[in-house]
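Good morning, and thank you for coming.

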Amino acid sequence: MNYEQLDSFLCELTELEERLQHTELTDERIRDLILTPGLPDEWHSGHSNSSASPMQLPVITNPPAYNYTLEDNTLKLNVTGDVFVISRHTRFVKMINHTHNLFEMNYIYSGTFYQEIQGEKFELKEGDLIILNKNVEHSINKVGKDDILINFLAKNEFFDNSFIYKILGDNILGKTIASILTNATRENKFLLFHTADHWQIKQTIQNILCETFSDKSTNREIIKAYMTILFSRLLESSSYEMFLKSVVKSPNISIVELLAYIDKNYLNMTLEQTANHFGYSPEHLGRILKKVTGKTFSALLQEQKFKHAAMLLQTTDRTIENISEEIGYSNLTFFYKKFHSLYGETPKEYRNSH
């Protein structure tokens, strides 16, 4: 499948969508249809040849490996089968408020979507990409023919250690994203990327979709390779926002700017100076960082400083004492001890092995 064929495939209406064009469903009716057991499997993917009447139309938009339950009056999507599934959102019907027990990513392939996430309304345009943590409540308004959203659902085991720690674990922002992928945080986080001007991201997603929707059987290893490229590209993007339920309430603070500030200034900064820069008390800023990254301010700085030291050991012939002093540690014994605890080698052994 090439890109032109992909566009044609995604734009083509399914029989379910043909019927939904002429059907108005209330939220209550949609919920009843989603929860109705025993629906034909072909409906779950949105590609059905059934002759069901409009009022019998199921509106489940995910494959049969998933099912919905009702918990505290909120729909919850539960995973029962594959660890990773890609599907196209069904048009002409609202997806009412629901949560997932797995990682979700939505990509606006074309058109405009109005989505409510954690009670906040968003207008999403072509190229926007949302990464949702588990249990984030969200809904999607009814959309038209030219509005195409691609849905990615994955269990934790899809993102293995190699992916998490090698691709995402090299900087603070990556580790924050990793906490969403692995559900390492209890906070209901979500990330919104604006990638309309990033052609590499669009091309990578097109490659994933061509591999997924082609007539041949899908090669999961190829999909994982493309996903690695996708997340690497996302980490390059500077146009994204992070949202946290009940942690950062003020619209004036940017978590992205805060973490980027730390990445840039970790060699010469204090919590008090950083808090003053962003207009917050040191205690409040410390709590925000702990919630976002799972680490204290001092732990984040120490980690970044020793990464800097490791880089200098690999790329320069400067003395170990000089490197220790550059990252702010005049006590060479402490530097050796901490470096060994982080890297499993003394600084000299690390330099020789790298």
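**From one residue to the whole chain**

Leaving aside residues up to four places away in sequence, Ile131 touches Phe103, Glu104, Met105, Ile180, Lys189, Phe190, Leu191, Phe193, Phe231 and Leu234; contact here means heavy atoms within 4.5 Å. This is a predicted model, in which local features need pLDDT of at least 70 and side-chain atom pairs count only at pLDDT 80 or more, while totals for chains, interfaces and linings use all residues. Residues are numbered from 1 along each chain as its sequence is written, and side-chain values use heavy atoms, with hydrogens and water left out.

Which residues touch the most other members of the largest nonpolar core? They are Ile131 and Phe231, in a core of 35 residues. Such a core is a set of buried Ala, Val, Leu, Ile, Met, Phe, Trp, Tyr and Cys residues joined through side-chain atoms within 4.5 Å, where buried means under 20% relative accessible area with a 1.4 Å probe, protein chains only. Helix H7 (residues 199–213) gives the most to this core, with six residues; helices are DSSP runs of H or I with at least four residues, and strands are runs of E with at least two, numbered from the N terminus. Apart from this core lies another, of 30 residues, including Leu13 and Val143.

Finally, the chain as a whole. It holds 15 helices and twelve strands. Of its 354 residues, 49% count as buried. Among contacts with a separation of 6 or more, 69% come from residues 24 or more positions apart.

Conventions
Buried means under 20% relative accessible area, exposed over 50%, partly exposed in between (1.4 Å probe, protein chains only).
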